[in-house]
Amino acid sequence: MSGYTNYGEWNKYSTQQSAPVALLAGHRYYVEAQHVEIAGDDFVAVGWTLPDGTVETPIAGAHLMPFGFTAASAISQTAGANAAQASAADATSPTAAPGLSVYPNPFTRQTTLAFALPQAGQATLDVYDVQNRLVRRLFTGSAEAGERQWFTLEGAGLPVGVYLVRLVTSSRVYTQKLMRID
């Protein structure tokens with residue numbers, strides 16, 4: 001951004017608008033806004049133009065969900081006390097949580113991705129770009145409980161940018177942001 005804008009001032013600078021991005025209905029997309037607070041009255045807002053030409057500024061909260069929140073985790077959270085206990089175990093026990101980790105992050109040449117499941121079962125580990133396109137499938141198959149799985153993602157051929165690492169198990173979906181830099 002080139003400078004200050006008032007709240008609701010969407011067209012002051014050409015840098016306030018991105019190039020068009022085509023989205024597919026029923027798909028989730030990662031949106032990130034980076035914001036710097038300078039004098040106390042700063043804000044950030046994101047808008048979009050719908051296919052019928054309607055401009056929605058800012059995007060209604062009903063269309064958004066926090067990063068890492070998925071339909072699978074929403075279902076498990078509504079299951080009651082067992083879901084709350086599982087979430088508490090995930091937060092405190094390295095062997096109970098899948099321990100999805102990506103390092104170094106951000107990366108240049110290569111990064112290591114690792115996970116361990118709390119219970120044996122099927123798992124899929126994928127990397128997506130921010131337009132929800134599959135970039136690499138690193139693993140699909142059975143994994144033993146507590147057994148750490150390690151994978152290397154090479155940066156060669158990957159454009160600089162933000163990616164999403166998604167681990168899908170039989171009961172949950174875990175997501176982590178990954179950045180490739182120069």
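# A guided tour of the predicted chain

From the N terminus on, the elements follow the order β-β-α-α-β-β-β-β-β-β-β. That amounts to 2 helices and 9 strands, where helices (H or I, at least four residues) and strands (E, at least two) are DSSP runs, numbered from the N terminus. The model is predicted: local features need pLDDT of at least 70, side-chain atom pairs count only at pLDDT 80 or more, and totals for chains, interfaces and linings use all residues. Residues are numbered from 1 along each chain as its sequence is written, and side-chain values use heavy atoms, with hydrogens and water left out.

**The whole chain**

Begin with all 182 residues, of which buried residues make up 27%. Buried means under 20% relative accessible area, exposed over 50%, and partly exposed in between (1.4 Å probe, protein chains only). Of the contacts with a separation of 6 or more, 52% involve residues 24 or more positions apart; contact means heavy atoms within 4.5 Å.

**Stop 1: strand β2**

Select Glu56, which lies in strand β2 (residues 55-56). Is Glu56 buried or exposed? Its relative accessibility is 19%, so Glu56 counts as buried. Leaving aside neighbours within four places in sequence, Glu56 is in contact with Gly47, Trp48 and His63. Show the side chains of Glu56 and Trp48, which make a polar contact at 2.7 Å. A polar contact is a pair of N or O atoms within 3.5 Å; within protein, one must be able to donate a hydrogen and the other to accept it, and residues adjacent in sequence count only if both atoms are side-chain atoms.

**Stop 2**

Next, select strand β4 (residues 110-115) together with β7, which pair in the antiparallel sense over 6 bridges. Two strands pair if DSSP finds at least two bridges between them. Thr112 has Thr152 in β7 as its bridge partner. Colour the two faces of β7: Gln149, Phe151 and Leu153 form the covered face, and Trp150, Thr152 and Glu154 the uncovered one.

The structure holds 4 aromatic pairs. Rings of Phe, Tyr and Trp (its six-membered ring) pair if their centres lie within 6.5 Å; planes under 30 degrees apart count as stacked, over 60 as edge-to-face and the rest as tilted. Select Tyr103 and Trp150: their ring centres are 6.5 Å apart and their planes stand at 85 degrees, so the pair is edge-to-face. Because Tyr103 lies in strand β3 (residues 101-103) and Trp150 in strand β7 (residues 149-154), the pair ties together parts that are 47 residues apart in sequence. Tyr103 is partly exposed, with a relative accessible area of 39%.

A charge sits over a ring if NZ of Lys or CZ of Arg is within 6 Å of the ring centre and within 35 degrees of the ring normal. Then show Phe115, Phe139 and Phe151, which form one aromatic cluster.

**Stop 3: the four-stranded sheet**

Finally, select the open sheet of 4 strands, which has the order β6-β5-β8-β9 and antiparallel pairing. Its edge strands, β6 (134-143) and β9 (173-180), each pair on one side only. Within this sheet, 8 bridges join strand β5 (residues 121-129) to the antiparallel β6. Gly121 stands opposite Ala143 in β6, and Val127 has Arg136 as its bridge partner there. The hairpin of β5 and β6 has 4 residues between the strands, and in it Asn132 takes a positive phi near 65 degrees. End at Tyr128, where Arg166 lies over the face of the ring, at 4.2 Å from its centre.
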